[in-house]
Amino acid sequence: MVTGIKEGMAVGISQNEKGRQETGRTVTVFGLGFVGLTTALGFAETGCKVFGVDVDAERKGVLRSENVPFHEPHMEEVLKKHLNTNFFVTDDIAQAVAESVYIFYCVGTPYGTDGSADLTYLFSAIDSTLEAIRDDNFRVLVTKSTIPPSTTAEKILPYIKGKIKDTAVKAESLGVANNPEFLREGRCWEDFMEADRIVLGVNDEKSKALLKELYRPMGIPIKCVSHSTGEFIKYLSNTLLATLISYSNEMAQAADTFGGIETAEAFRILHMDKRWDGCSMASYVYPGCGYGGYCLPKDTRAFYAQAAEKGFDAQILKQVIRTNAERPARIAEKIAANLKHTVQAEHKKTDAGTVGILGLSFKPGSDDVRDTPALKVIQALKRLGCTNIIGYDPIAMEEFRRRYPDAGILYAGSMQEAYEQSDVVAIVTAWEEFRKAPGLGEKAVIDCRYML
């Protein structure tokens with residue numbers, strides 16, 4: 001079994017391997033494009049010995065002549081500094097792999113006609129690596145190429161396992177990880193050497209220790225997560241950027257449809273909003289139960305309706321409204337599944353179980369319950385057969401009771417009371433006090449606000 005298939009497998013680093021790591025800190029990088037060359041030279045800058053491998057003979061020739069085959073600030077001077085001292089462009093894959101503890105894959109993963117990632121170049125580089133291994137030294141194979149979530153678990157690990165089955169390569173001598181890049185063309189060197197964070201998708205302790213040691217000289221925060229989480233974070237970043245750009249373009253199209261709008265000036269004034277001008281975006285770019293309150297539901301619908309009336313179907317905004325409308329039902333399904341599991345374990349009927357809803361206002365710090373996701377979650381739970389519901393909110397219970405007299409729930413006087421009278425508890429509004437809910441006992445606490 002390839003190291004990393006078992007979650008959290010603890011494997012120590014032998015003294016022999018520690019010595020090899022400390023004296024060598026040698027890296028092989030497959031692929032010398034924007035990402036690969038930046039990665040290779042970045043590690044060379046920290047004192048590593050780095051071998052660069054590429055299938056493009058012309059690119060290798062350009063690099064060997066101390067030139068960078070694309071425009072990227074600072075890279076040429078760094079290349080001249082490290083070429084043939086710390087960084088070596090090589091055709092001898094056997095030597096590179098023999099000396100390396102770390103094998104990084106920075107090859108292309110283009111999308112096919114159906115949009116899926118093409119792993120041909122990645123698997124070819126892995127093949128070259130496995131064919132070159134002639135010893136039992138531990139190596140960690142690190143995918144830096146962008147790959148969709150679950151690729152390591154469902155494709156790379158099985159591929160490696162199948163390839164080494166009939167070879168002398170020992171599974172326990174291989175670690176597998178991913179290390180997504182967050183480089184902007186034109187700022188690659190800056191983004192690598194002064195990164196906000198380093199993400200390691202790694203499931204075994206041996207690879208984790210080695211990779212943390214490799215990156216330690218850079219002094220950048222390191223976040224170790226599961227294989228699939230590492231892959232997901234990269235797409236989380238890129239799809240957000242794509243959505244923001246597309247949203248801006250859709251709004252510009254809407255402005256043209258309305259007419260009489262100074263679009264550029266409108267966006268410049270938008271950028272002055274303190275909620276995102278130099279401030280944290282975490283309050284908005286974070287999952288929950290859907291938006292509520294008075295303004296967002298009203299304004300998104302009104303804007304979409306007005307644009308449609310004038311002949312422009314704002315598809316992103318339409319999907320925003322749809323996603324928000326469907327979100328409480330998905331949350332309710334999660335709660336109901338946990339309730340069913342709990343009451344079945346206690347040999348009860350599902351409709352005999354009780355759900356505790358923590359939070360009734362549409363957001364913390366307010367008693368506003370207009371269009372609150374809590375009501376929609378409660379209504380969806382009832383449609384799923386969860387009829388026993390008890391709610392608690394630090395300040396919004398009376399307002400909720402007044403505005404929704406037919407909600408059909410009971411009310412608790414405290415979080416503790418709601419917890420004690422429920423089989424499962426769901427955090428629906430992100431009040432700070434609800435962070436303490438898991439400490440109240442052994443019952444399931446469903447974190448619908450992703451705050452724990």
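At roughly what angle do the axes of helix H7 (residues 151-164) and H10 cross? They cross at roughly 115° and come within 8 Å. Axes are lines fitted to C-alpha atoms, for helices over the stretch in contact, with angles from 0 to 180 degrees between N-to-C directions. Helices are DSSP runs (H or I, at least four residues), as are strands (E, at least two), numbered from the N terminus.

This is a predicted model: local features need pLDDT of at least 70, side-chain atom pairs count only at pLDDT 80 or more, and totals for chains, interfaces and linings use all residues. Residues are numbered from 1 along each chain as its sequence is written, and side-chain values use heavy atoms, without hydrogens and water.

The table lists the residues in contact (heavy atoms within 4.5 Å).

| H7 | Thr151, Thr152, Ala153, Leu157 |
| H10 | His227, Ser228, Glu231 |

**Cores**

A nonpolar core is a set of buried Ala, Val, Leu, Ile, Met, Phe, Trp, Tyr and Cys residues joined through side-chain atoms within 4.5 Å. Buried means under 20% relative accessible area (1.4 Å probe, protein chains only). The largest nonpolar core has 44 residues. Ile335, Ile357, Leu358, Leu381 and Phe400 touch the most other members. Helix H13 (315-345) and strand S9 (354-358) are among the elements that give two or more residues to this core. Another core, of 41 residues, lies apart from it and includes Val50, Cys188, Phe192 and Ile198.

Beyond its neighbours within four places in sequence, Ile357 contacts residues including Val377, Ile378, Leu381, Ile389 and Val428.

How values were computed:
Buried means under 20% relative accessible area, exposed over 50%, partly exposed in between (1.4 Å probe, protein chains only).
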